Amino acid sequence: MILYLKLAWRNIWRHRRRTIIIMLAMGLSLGMMMFYDGLIDGFNNAIAGNAVRVLGGNVQVHAEGYREKVDSNPLLPLADDSAIVRAALSQPDVIAAARRIQTGGLVSNREGAYPMTIIGIDPVAEAPVSLIAEHVVDGRYVETTDQDSILVGKGLADALALKVGDRVNMVGSDIHKQNRQRTMTVIGIYDIGIPSMEKATSYISLGEAQELFGLRAQSTEVQITLKRVGTESIVVNALTPLLPGYEVESWANNYPELSNAVGRKNIVMDIFSIIIVMIAGIGILNLLLMAIYERTREIGLLGAMGLKPRQIAVTFILEGALIGFMGVIAGIAMGLAVNLSLMQVGMDYSQYAGITDYMALISGKVYPTLGVGKLPMRAIIIFVIAALAALIPAIIASKREPSEALHHV
């Protein structure tokens, strides 16, 4: 095999310029895929990372039976929410754990009425990690001691012509599924750039929610915020045995539409990457086909010296594989160079924030990752396609009769 590798290595450098062009084409394909993978990871981290800060954390803990009744927004109190918070904070990937109460309701004034998700929050625990707290554009965020006070979204404020200090009627369902009504003062307005969400979610203090909905010193949910998106399964697996009798789930289970959107982008890129590499593989096919006709007499000489057709074919396949291998090395170098640069400066996508609701969650710049998550798979694909591209020329070369090839002009 060493002899075949030496022959293949010598042969691919006979036409140095063509080899370098094909190698760079393969490398550029891999480099582009690494760049796109890094960019998609950056988008996912920016969008999903901010989305979970709005929607309720990377991981959520509910009482047993919550998932079966989730469509009715049930108020199922946690038996010991303080123990859940302590267990969550003991995990190295967790940066915050906050108690919550969430129920359905209605907010209205003389301008109209809107169905609403009303969330009672612990502002001390949530404020440091809350995207809502960072985007209060008028008034202030919720405080622990607030009574008869509500934080509303800009979408709702625009729809009901609200400003800070105005009074609204809030109706919510308590633990016994009875409506509880209270007149609330608007203490603040938040703006995250998603009017549909701003119209549908309002916040009050946890103490206010406990009193109003009949949950004395209790909560119905613990939201857990992690250092980064993608480590949810680790935390879920660690907490599940520590919290028997509770449902521990990641945001991907609670908000499948966001998870599916991320997954679809990845599938499209996987298909696109294979097409790109196949196009580059055509270059290898062309290069080796030309080599066969230029080296016909040499192929005949190798056959006359005793090399079997199978051995001649192996030599050509190794040539394609070596070009693919060097293309992989070049591609990794290109991809890392580009992604390392962009990781420092970022890419500004704030001007596209209004394209979709989820794009609004991008706050300023997107910082790509190294894009190495799928590198082994992509490198193997390039290597295999390069070897397969050499298969047809290898078969043609192996079938050349030595006597005819030696007399080729």
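Which side chain does the side chain of glutamate 249 meet in a salt bridge?

Analyst: The side chain of glutamate 249 meets that of arginine 67, at 2.8 Å from N to O. A salt bridge here is a side-chain nitrogen of Lys or Arg within 4 Å of a carboxyl oxygen of Asp or Glu. This is a predicted model, in which local features need pLDDT of at least 70 and side-chain atom pairs count only at pLDDT 80 or more, while totals for chains, interfaces and linings use all residues. Residues are numbered from 1 along each chain as its sequence is written, and side-chain values use heavy atoms, with hydrogens and water left out.

Glutamate 249 sits in strand β10, and arginine 67 in the loop between β1 and α3, so their bridge ties together parts 182 residues apart in sequence. Helices (H or I, at least four residues) and strands (E, at least two) are DSSP runs, numbered from the N terminus. Glutamate 249 counts as buried, at 13% relative accessibility. Arginine 67 counts as partly exposed, at 30%. Buried means under 20% relative accessible area, exposed over 50%, and partly exposed in between (1.4 Å probe, protein chains only).

Glutamate 247 is also in strand β10, which spans residues 246-250. Glutamate 247 is buried but has no salt bridge. Arginine 67 is its nearest side chain of opposite charge, 5.1 Å away. For charge, Lys and Arg count as positive and Asp and Glu as negative; His and the chain ends are not counted. The side chain of glutamate 247 does reach the backbone nitrogen of tyrosine 66, at 3.5 Å. Beyond four places in sequence, glutamate 247 touches Gln60, Val61, His62, Ala63, Glu64, Gly65, Tyr66 and Arg67. Contact means heavy atoms within 4.5 Å.

Next, strand β9. Glutamate 221 belongs to this strand, residues 221-226. Glutamate 221 is buried, with a relative accessible area of 3%. Its side chain makes a polar contact of 2.9 Å with the side chain of histidine 62. A polar contact is a pair of N or O atoms within 3.5 Å; within protein, one must be able to donate a hydrogen and the other to accept it, and residues adjacent in sequence count only if both atoms are side-chain atoms. Neighbours within four places aside, the contacts of glutamate 221 include His62, Leu78 and Arg99. From C-alpha to C-alpha, glutamate 221 and arginine 99 are 5.9 Å apart, yet 122 residues apart in sequence.

Arginine 99 has a bridge of its own. Its side chain meets that of aspartate 81 at 3.4 Å, N to O. Aspartate 81 lies in helix α3 and arginine 99 in strand β2, so this bridge joins parts 18 residues apart in sequence. Aspartate 81 counts as buried at 6% relative accessibility, and arginine 99 as partly exposed at 23%.

Now helix α3 itself, residues 81-89. Its buried residues are Asp81, Ile84, Val85, Ala87 and Ala88. They span an arc of only 165° around the axis, which puts them on the same side of α3. The arc is that of the directions from the helix axis to the C-beta atoms. β1 (59-63), β2, β9, α9 (232-239) and β10 are included in what covers these buried residues.

One more set of charged residues deserves a look. Glutamate 211 and arginine 182 form a salt bridge between their side chains, at 4.0 Å, N to O. This pair links distant parts of the chain, with glutamate 211 in helix α8 and arginine 182 in strand β7, 29 residues apart. Glutamate 211 is partly exposed, at 34% relative accessible area. Asp148, Arg182, Glu208 and Glu211 are linked in a network of salt bridges. The structure holds 11 salt bridges.

The nonpolar cores give the setting. Such a core is a set of buried Ala, Val, Leu, Ile, Met, Phe, Trp, Tyr and Cys residues joined through side-chain atoms within 4.5 Å. The largest has 22 residues, and Val107, Ile150, Val152, Met170, Ile204 and Phe213 touch the most other members. Elements that each supply at least two of its residues include β2 (94-109), β7 (179-190) and α8 (206-212). Apart from this core lies another, of 21 residues, among them Leu76, Ile84, Ala87 and Val248.

Finally, the whole chain. The protein chain has 16 helices and 12 strands. Of its 409 residues, 51% are buried.
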